[in-house]
Amino acid sequence: MTTEKTLAIVLRVVEFSETSCIVTLFTEDFGKIGALAKGARRPKGPFDSALDLLAVCRIVFIDKSADVLDLLTEARLERRFRSASRDLSRLYAGYYIAELLRELTDLGDPHPDLYRRADQTLLTLDLDGPVGETVLGFEVAALRLLGYLPALEACVVCGAPVSGGGRVLFGQLAGGVLCPRCRQGQKQVVSVSPRGLEVLRQLAGARAVGAPGEIDPGVRGELRGLLNHYFTNLLGHPPRMLPFLGAIVNP
Ligand SMILES: [Zn+2]
């Protein structure tokens, strides 16, 4: 049992008792944690309304054993997600980022790179960055940082380089682009436009930071569809925010 300090993004707040909440946080140094916040629901409680969804806080918590909730002892607000009150597409985008962080990471598995990317993404959304592009950039970066990035350069089955001027086959279950020879027997194969693949490769580049440049609405829509399908397979169910992602493509 140790006391730890770190930065955290608030991913979920669930009422636990008349005065307490259970919070799910994505922390910079410890990955995702679940913690009991005693007194969080009391007015003028110890957390002073820092535990708002998507807020960034500096926290102190007591790391309990693996199968027990941690105990949050302090949370000081660094930054609130202000867009929540003024722009629905930004709110949905923020919820979606939180959902992906909750669903794709494990408790106590640190991913400081992903934390910084998520922090930057929420800030960009809050500072009027382009919603569709920012969300796509985060999704692809998260896939890369968590080891789920689909193969984008070479056929996922045989390793042959995949290029050429035309549309490229993409195996949703195989996990990436396919050469025509390896298409046979694959399920859930779709095709990607050359421009769509080019944008995906750019977004997947390790040096791609911040919001990408403007992406043509047609390509944005195409990639939205491709990633909706990919994340549905990865999570084992459609993202809960999926019905709202249309507003993110064309805010
Ligand atoms: Zn192949």
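This note goes through the strands, the zinc site and the aromatic pairs of a predicted model.

1. Basis. The model is predicted, so local features need pLDDT of at least 70 and side-chain atom pairs count only at pLDDT 80 or more, while totals for chains, interfaces and linings use all residues. Residues are numbered from 1 along each chain as its sequence is written, and side-chain values use heavy atoms, with hydrogens and water left out.

2. Helices (H or I, at least four residues) and strands (E, at least two) are DSSP runs numbered from the N terminus; two strands pair if DSSP finds at least two bridges between them. Strand S1 (residues 2-15) runs antiparallel to S2, with seven bridges, and a hairpin of five residues connects them. Arg12 stands opposite Thr24 in S2. On to S3 (residues 31-37), S2 again makes seven bridges in antiparallel fashion, through a hairpin of three residues. Here Cys21 has Ala37 as its bridge partner.

3. Cover of S2. Six of the seven residues of S2 (residues 21-27) are buried. Buried means under 20% relative accessible area, exposed over 50% and partly exposed in between, with a 1.4 Å probe and protein chains only.

4. Zinc site. The protein donors are the SG atoms of Cys155, Cys158, Cys179 and Cys182, lying 2.3 Å from the zinc ion. Donors are N, O and S atoms within 2.8 Å of the metal (3.2 Å for Na, K and Ca); water is not among the atoms, so sites may look incomplete. The angles between the four donor atoms are 103 to 116°, which makes the arrangement tetrahedral; four donors count as such if all angles lie between 85 and 135 degrees. The donor spacing in sequence is C-x2-C-x20-C-x2-C. Cys155, in the loop between helix H3 (131-145) and strand S6 (168-171), and Cys182, in the loop between strands S7 (176-178) and S8 (189-192), are 27 residues apart. Cys155 is buried at 3% relative accessible area, and Cys182 is buried at 14%.

5. Aromatic pairs. Rings of Phe, Tyr and Trp (its six-membered ring) pair if their centres lie within 6.5 Å; planes under 30 degrees apart count as stacked, over 60 as edge-to-face and the rest as tilted. The count is four aromatic pairs. One of them, Phe30 with Phe61, is edge-to-face, at 5.4 Å centre to centre and 85° between the planes. Phe30 lies in the loop between S2 and S3, and Phe61 in strand S4 (residues 56-63), 31 residues apart. Phe61 is buried, at 1% relative accessibility.

Terms used: Four donors count as tetrahedral if all angles lie between 85 and 135 degrees; four count as square planar and six as octahedral if opposite donors are over 155 degrees apart and all others between 65 and 115; anything else is irregular.
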